Amino acid sequence: MLRRHHDRIYAVCRRITGNDADAQDTAQDALIALARGIHRFDGRAAFSTWAYRVTTNVCLDELRRRTRRPVPGLPGVGEDKGAMASPAIGAPSAGIEGYADRVVLDAALAELSEEFRVAVVLRDLCDLDYAEIAEVLGIPPGTVRSRIARGRSQLADRLDVGNQPMRAQRPRDHTSSTPPTGSAP
Amino acid sequence: MTDHDQRLDDLASAYLDGELSDEERAREVDEAVLERVDRLRVARDALVGERVVVDPARRDRAITAALEAFDAGAVDADSQGRGGEVVAMERVATRHSARRAAQLTAIAAAVAMIALAVPFLGDLDSGSDQTVMSAPTESADQRVLADGAPSAGAAPESLAVAPSDEMADLGSFNEVADLATAVRARLDGAAADVETSSGGSGAGGGNGKELEICAAERSDLDTVVLAALAELDGRPVLVLVRDAEGGGRTLLALDLESCAVVASQEL
């Protein structure tokens with residue numbers, strides 16, 4: 001079971017912590033926490049949901065520790081984020097494949113606030129629905145929806161989406177119906 | 001970003017996730033929302049599409065560490081037993097000692113009660129209804145209390161002293177005559193002055209166990225009308241007053257450890 005979930009857990013850690021070194025540490029800590037706390041899994045939720053909750057908590061702990069020490073490669077508090085301005089996804093100078101894309105995405109994610117980043121990662125990487133994310137984070141589903149929307153919007157801004165040619169890689173719409181109007185209810 | 005923009009993003013994001021409410025789903029197509037759906041979709045797909053590469057060696061190490069932690073946790077749980085409580089051996093020994101002491105006390109109490117009940121059984125055999133009625137089943141008001149004087153209206157003669165939770169401390173005395181004086185005062189209901197006039201702290205009071213123990217040791221304590229503790233010539237003693245066969249009362253001072261009579265005096 002650990003082997004089956006490891007890669008996704010690592011991906012979550014990688015996206016939340018923003019670098020490989022912390023991702024390796026937090027992924028291992030998360031696996032250990034899962035192994036030690038397996039007796040606390042009561043089966044009310046899916047194992048994956050519980051595993052993501054444990055993983056998220058481990059990552060958040062790491063982020064809080066990080067605030068007390070500098071992390072190479074990520075913008076710290078008060079640093080000039082302009083120095084790490086993300087090239088636009090799809091821009092010819094940046095490319096869309098390989099290492100460059102990874103750097104772009106890491107930088108864009110790192111600029112999101114922690115609460116937006118975690119919500120977006122749980123939704124888009126872990127494929128949890130709003131109710132599951134609400135359970136993992138201990139917040140109302142409405143707040144989850146708002147955080148995901150704002151997180152995605154800010155991510156799009158960081159990636160300069162809309163000013164560059166877009167490339168949808170893996171369309172994954174959950175509904176084929178037309179989107180609603182934006183008029184106020 | 002305005003509130004209107006945020007609302008559009010909120011709708012577009014929920015649309016992407018299939019989390020629209022029925023009311024939201026029923027609304028007409030809005031071009032502004034469609035544009036945001038496309039924009040957010042690109043951001044989402046950028047995140048989803050970028051593969052995170054996992055080093056197989058690191059994966060194996062992480063899993064191995066987790067399994068070792070699991071095994072260590074299982075060993076800890078086994079070593080701590082069902083309750084998970086680690087108990088020092090000293091506490092175990094103390095607990096066993098206390099349990100054994102409690103067992104011995106219970107046995108002694110049972111023996112004492114039997115010894116005290118023997119004369120009433122004898123009276124029962126002789127057909128004395130009066131004695132039967134005065135057996136230990138009587139109310140506390142009709143009994144002579146272990147801590148001293150009989151209660152008001154109660155006849156003290158020939159009634160066994162019931163073991164009490166608390167026994168009075170008569171104080172410290174150098175001579176048995178002084179102790180006898182204090183006992184007489186207590187039997188006469190002047191108990192309030194006894195302890196203070198004795199001028200000492202005495203044996204510190206008892207819990208009735210002393211009487212039970214000595215009653216188990218001796219067979220002549222069947223007519224005790226008063227039981228108390230005192231200190232006589234520096235020795236802690238159990239003070240008993242019993243009815244004498246030929247009338248009158250006798251004061252007995254028993255060594256607390258051996259239950260041997262260390263002094264006696266006719267009252």
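pLDDT is the predictor's confidence in each residue, from 0 to 100. I note that this is a predicted model, where local features need pLDDT of at least 70, side-chain atom pairs count only at pLDDT 80 or more, and totals for chains, interfaces and linings use all residues. Residues are numbered from 1 along each chain as its sequence is written, and chains are lettered from A.

Chain A, confidence. I looked up the average pLDDT of chain A and found 76, with 69% of the residues at 70 or above. Residues 75-96 of chain A stay under 50, and the model gives this stretch 34 contacts (heavy atoms within 4.5 Å) beyond four places in sequence. Residues 165-173 of chain A are also below 50, with 28 contacts beyond near neighbours in sequence.

Chain A, fold. Among contacts in chain A between residues at least 6 apart in sequence, 65% join residues at least 24 apart.

Chain B, sheet. I traced an open sheet of five strands in the order 1-2-3-4-5, with mixed pairing (a pair needs at least two DSSP bridges). Its edge strands are strand 1 (169-173) and strand 5 (261-266) of chain B, each pairing on one side only. Strand 2 (residues 224-232) and strand 3 (residues 235-243) of chain B are antiparallel over eight bridges. I checked B:A227 and found B:L240 of strand 3 opposite.

Technical notes. Heavy atoms only, no water. Helix = DSSP H or I, 4+ residues; strand = E, 2+ residues; numbered from the N terminus.
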